[in-house]
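Open the model in your viewer and keep the selection tool at hand. The tour has two stops.

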Amino acid sequence: MGSHYPFGGEGVTAGSAPPPGFHYRGYLTFTNPTKYKDDNGDALPVDVNVDVVATVHRFLHVTKFQILGANYAYEVVVPIVEKDVTFGALSDSKSLSLGDVFFEPLALAWNRPRWDATFTLGVYAPTGEYDSTKLASPGLGYWSGMLTLGGTVFFDADRTLSLSAMTRTLMHTEQDETKVTPGSEFVVEYGLGKEIGINDKLSIRPGICGSAYWQIEDDSDDGPATVADERKEAFSLGAEINFFWLPPKLFQLNVRVLREFGAKNTTQGSQVCLTLTKSW
């Protein structure tokens, strides 16, 4: 089973939401797992090479309407995925195709001088094509609900030095074709960054970032018992740099590079993510 949420997609200030307005964020992610780790964290003696290119389009509206002192927001995220997968003697590929679309009807964002916080509820819909015999299916064939809790602390009055963390908890429905219900998942993404002004038109924010992923519930026993009882986990660590074009930070470009480690019962590799953000 895969995961709907591509952990590592957010980094520095992940726990913060933008100010009221319309925001577009485009993600271009390159992922290249080259190992599959077993339940002991040892690499299986099998040829593994996975190339995934995902172009993700995120449309977010943060309103001025407030609930419990937080701005109400909603969003939709549309992934376009291309995969080339080799696992032992098996191989499969899929050209650019629609993945599973994410709808988030409820998001609350608190923005204060020295801290930010977010709370959201959303759902992944099985809009992407899924075939259990195809390794490169762009969809996963089931629904997922996702709860997000995040926060950012700023250590100075100008909000230039920050430490953030964001958690995602995912719960899944039964996969139609296999009749297996994937186990629930928990993800933490974090980042430490420092914004530096270059001139009156540009500032940059270098930082370190990472993620931790755990499957916190077994897959249903409708599948092979030896597989259903093996929970996945993985970690990543890397660096990023964010460019802000002023004023007033209406345009951003982020480059993030992560290396995975400590994987169990899943693939392990590296990830490069380019993120473009435009606000109105």
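What follows is a walk through a predicted model, from a pair of cysteines to a lysine.

**Stop 1: the cysteines**

Select Cys-209 and show its sulfur. How far away is the closest cysteine sulfur? The closest one belongs to Cys-273, at 9.6 Å. A disulfide needs its two sulfur atoms within 2.5 Å, so the Cys-209 sulfur is too far from that of Cys-273 for a bond.

Now select Cys-273. Cys-273 takes part in no disulfide, and its nearest cysteine sulfur is that of Cys-209. The count for the structure is 0 disulfides.

**Stop 2: the lysine**

Go to strand β1, residues 21-37, and select Lys-37 there. Lys-37 is buried, yet it has no salt bridge. Which side chain of opposite charge is nearest? It is that of Asp-42, 7.0 Å away. The cut-off for a salt bridge is 4 Å.

What polar partners does the Lys-37 side chain have? Select Gln-268: its side chain makes a polar contact with the side chain of Lys-37, at 3.3 Å. Then select Gly-41. The backbone oxygen of Gly-41 lies 3.5 Å from a polar atom of the Lys-37 side chain.

Technical notes. Residues numbered from 1 in each chain as written. Predicted model: local features only at pLDDT ≥ 70, side-chain atom pairs only at ≥ 80, totals over all residues. Heavy atoms only, no water. Helix = DSSP H or I, 4+ residues; strand = E, 2+ residues; numbered from the N terminus. Buried < 20%, exposed > 50% of the residue type's maximum accessible area, 1.4 Å probe, protein only. Lys, Arg positive; Asp, Glu negative; His and termini not counted. Polar contact = N/O pair within 3.5 Å; in protein donor to acceptor, adjacent residues only side chain to side chain.
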